[in-house]
Amino acid sequence: TVFQGHFPGSPLVPGVLLIETMAQASGFMLLSRLKFEKMPFLANVSSAKMRSFVEPGDVLRVEAELEHDGSGFAATTARISRDGAKICDSKLMFRIMSFPNDMLKSNMLDRFAQISRTSAE
């Protein structure tokens, strides 16, 4: 349903979903670095550049790198590419905090395990 209005007859992945994809990759990278002791919460998208369109079914590569970690914040850069060509990139800031509850921590650990199994196959 996300493609129904974006754009009828010529569906494209919305830019906001590309930004969210980069934020998710950055967040899971940070969770791993933090050994799941604390959780990153997206605090700021300081830049996001879209360079090309993404159509449903495109196979993408998503990468995230740590730029800064300290004082309760972490900064990352992330990018998405297709067949080696840059699609978009962003600079993101995360607030590093305790998990609000054990259930969320457990759910995040489960999701990380699923993603790890999928990407290793």
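Modeller: The model is a predicted one. Its largest nonpolar core has 15 residues, and L18, M22, I80 and C88 are those with the most contacts inside it. At least two residues of this core come from each of helix 1, strand 3 and strand 4. Take C88 as an example: not counting residues up to four places away in sequence, C88 touches L18, M22, K49, M50, R51, A78, R79 and I80. Another core, of 6 residues, lies apart from the largest one, and F28, M39, F99 and M108 are among its members.

Four strands form an open sheet in the order 1-4-3-2, and their pairing is antiparallel. Strand 1 (39–50) and strand 2 (61–70) are the edge strands with a single partner strand each, so one side of each has no neighbour in the sheet. On average, neighbouring strands are turned by 20° against each other, direction ignored.

The pairings can be followed one at a time. Strand 1 and strand 4 (residues 85–97) run antiparallel and are joined by 10 bridges. Strand 2 and strand 3 form a hairpin with 2 residues between them, and S71 in the turn has a positive phi of about 55°.

Now helix 1 itself. Its length can be checked: at 1.5 Å a residue, the 19 residues of helix 1 should span 27 Å, and the end C-alpha atoms are 27 Å apart, which agrees. The buried residues of helix 1 are L18, M22, A23, S26, G27, F28, M29, L30 and L31. After helix 1 comes K35, with a positive phi near 55°.

F28 leads on to the aromatic rings. A pair of aromatic rings is described by the distance of the centres and the angle of the planes. The structure holds 2 aromatic pairs. The ring centres of F28 and F112 are 6.0 Å apart and the planes are at 25°, so this pair is stacked. F28 lies in helix 1 and F112 in helix 2 (residues 102–120), so the pair ties together parts that are 84 residues apart in sequence. F28 counts as buried because its relative accessibility is 13%, whereas F112 is partly exposed, with a relative accessible area of 25%. F36 and F112 have ring centres 5.1 Å apart and planes at 65°, so that pair is edge-to-face. Distant parts of the chain are linked by this pair too: F36 is in the loop between helix 1 and strand 1, and F112 in helix 2, 76 residues apart. With a relative accessibility of 8%, F36 counts as buried. Through these ring pairs, F28, F36 and F112 are linked into a cluster.

Technical notes:
Residues numbered from 1 in each chain as written. Predicted model: local features only at pLDDT ≥ 70, side-chain atom pairs only at ≥ 80, totals over all residues. Heavy atoms only, no water. Pairing = 2+ DSSP bridges. Axes fitted to C-alpha atoms, helices over the stretch in contact; angles between N-to-C directions. Core = buried A, V, L, I, M, F, W, Y, C linked by side-chain atoms within 4.5 Å. Buried < 20%, exposed > 50% of the residue type's maximum accessible area, 1.4 Å probe, protein only. Contact = heavy atoms within 4.5 Å. Expected span 1.5 Å × (residues − 1). Phe/Tyr/Trp six-rings, centres within 6.5 Å; stacked < 30°, edge-to-face > 60°.
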